[in-house]
Amino acid sequence: RSSDLDEELAKKLQEDEEKVETTAQARPPSPGEAIEDDFALAQYLQLEFDAERDRFLSASERHMNGNQKVSISLKNYRYPSSYFDETVEEEEEEEPVYEEEEGVGGAVARKAGAGKGRGRRRARVTSPTKHDLAICGRKNVQRVASLFPPHFATGDVTNEVDDFQFSNRVYTQLKRHSMKEEKQAHRVADKKDRSTQTLSLDPKTRIVLLKLIDSDVVKSIDGCLATGKESSVYHAFGGEGGKEPVPDECAIKVFKTTLNEFKARADYIRDDHRFHIPLGRQNPRKIVRIWAEKEARNLRRMASADIRCPRVVGHKKHVVVMNFVGKEGSGAPQLRNADLSDPSDARRAYDECVSTMTSMYGDARLVHADLSEFNMLWHEKHVYFIDVSQAVEPSHPNAFEFLYKDCVNVSSFFRRLGVDRTMSPAQLFSHVSGIEMTEGREWETIGELKGFNKKEAWRSEERKMTHG
């Protein structure tokens, strides 16, 4: 009996196990179908709950990732479903396996080999993506042809070449090179339009010169006579349309609009009572106009004191028109290049230089502030002072310092020429200004004079504020 009971119990357990397996492997019921088994109903409800959870996770993934290249996956939070796994396995059991063939960008189909591995082999389907080398190469060619500027040389890329491809590395290098070339082109064009470069002729300067010709101030403009760090001088033939009599030959001085030394040059304007402007708020082109205006006003003041210098004919923005110091298109040489081999000529040049400095200080009330053999011309046995845009009045806080430096330059130059009985810088300073300066105490005297000038400037400002 015990054996019969064991067989019946084993048979019953086997039937219960087969019933459970059959229920677990059953497919989900169709809509409207009644579910009588409680276990199958529980599994169906669990399946619906898992599907709803999967939909929620998928929506969360799309919301978090958006269009980002790096995506966040919630795959580990999903529950596996025996229904779907078995169904997919059964449906994909007879499908062919697709394996990607490297370097082609497509897919080649072949059937899964029988007898390989243990049990059934699940199908693996691979399809080309955006990371495929061939697809990326073709898209890069399209980008080069459509997004790069027309003047960018790309060779045969824009032509119809069969299956032409660019790797990502090549495309990135071309893109960077194109952006660099574009920035360089804009930089060169901007510099060409805004600056005066070597010959001071930017588009705005050419417009000013054309207006001078149209108004008949000058008939024509010839070549460049000289160019320096702050300006260029051109030769021109005078016309008949000026407010003042225009000589037959003129010199047109064009100040460069790209001066980098104006941080130091601003000191010559800031403390000049004739130009009360906030230099820190001005752009370089406006400062150059002030510099040109200062040149014209200083030359007119010197001319009114009968000092030999170029006579101003006209002034427009950063262009100054003056009479030509020279003859037949050939400018007078600078004093450093003049023929002063005759001792009498060298002595005459020295005496005229000293007398001109004295007249400039006493009559014109100006200090050159940059006087040297470079800023003096030798024409018809006479000395002419030029380049007076930095000249200041004696009331300037640094006027006596500038005057002493001018005296040092003049004395050193004529001593090198071998002129006899030249004054020392201190003696020349006393002769020009009438202020006694003792040798060996030059800078102490300059410091005292500078403090005196500052006090006088403060007093004048107080008088202006008091009397309106």
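Predicted model: local features only at pLDDT ≥ 70, side-chain atom pairs only at ≥ 80, totals over all residues.
Which residues of α2 are buried?

View 1. Residues are numbered from 1 along each chain as its sequence is written, and side-chain values use heavy atoms, with hydrogens and water left out. Helix α2 covers residues 38-65; helices here are DSSP runs of H or I with at least four residues, strands are E runs of at least two, and both are numbered from the N terminus. The 28 residues of α2 reach 41 Å from first C-alpha to last, close to the 40 Å expected at 1.5 Å a residue (the expected span being 1.5 Å times one less than the number of residues). As for the opening question, the buried residues of α2 are Gln43, Leu47, Asp50, Leu57, Ser60, Glu61 and Asn65. Buried means under 20% relative accessible area, exposed over 50%, and partly exposed in between, with a 1.4 Å probe and protein chains only.

**View 2. Glu352 and its two arginines.** A salt bridge here is a side-chain nitrogen of Lys or Arg within 4 Å of a carboxyl oxygen of Asp or Glu, and a search of the whole structure turns up 11 of them. Arg308 forms one with Glu352, with the closest N and O atoms 4.0 Å apart. Arg308 sits in the loop between α8 (284-304) and β6 (312-316) while Glu352 belongs to helix α9 (residues 343-362), so this pair ties together parts 44 residues apart in sequence. Arg348 also bridges to Glu352, at 3.6 Å between the closest N and O atoms. Those two residues share helix α9 and are 4 residues apart, about one turn. Glu352 is buried at 12% relative accessible area, whereas Arg308 is partly exposed at 35% and Arg348 is partly exposed at 36%.

**View 3. Helices α9 and α10, side by side.** The two helices pack at an angle of about 175°, with axes 11 Å apart (axes are lines fitted to C-alpha atoms, for helices over the stretch in contact, and angles run from 0 to 180 degrees between N-to-C directions). That makes α9 roughly antiparallel to α10, a label for angles over 145 degrees. Contact means heavy atoms within 4.5 Å, and by that rule Ala346, Ala349, Tyr350, Cys353, Met357 and Tyr361 of α9 meet Phe400, Leu403, Asp406, Cys407, Val410 and Phe414 of α10.

View 4. Glu401 and Lys405 meet at 3.6 Å, N to O. They are 4 residues apart in helix α10 (residues 399-417), about one helical turn. Glu401 counts as buried at 18% relative accessibility, and Lys405 as partly exposed at 40%.

**View 5. The five-stranded sheet.** The 5 strands make an open antiparallel sheet, ordered β3-β4-β5-β7-β6. At the edges, β3 (218-227) and β6 each pair on one side only; strands count as paired if DSSP finds at least two bridges between them. Neighbouring strands are turned by 25° against each other on average, direction ignored. Strands β4 (residues 231-238) and β5 (residues 249-255) pair in the antiparallel sense over 7 bridges, and Phe237 has Glu249 in β5 as its bridge partner.

**View 6. A salt-bridge network.** Lys253, Glu295 and Asp387 are linked by salt bridges into a network.

Terms used: Parallel < 35°, antiparallel > 145°, perpendicular 65-115°, else oblique.
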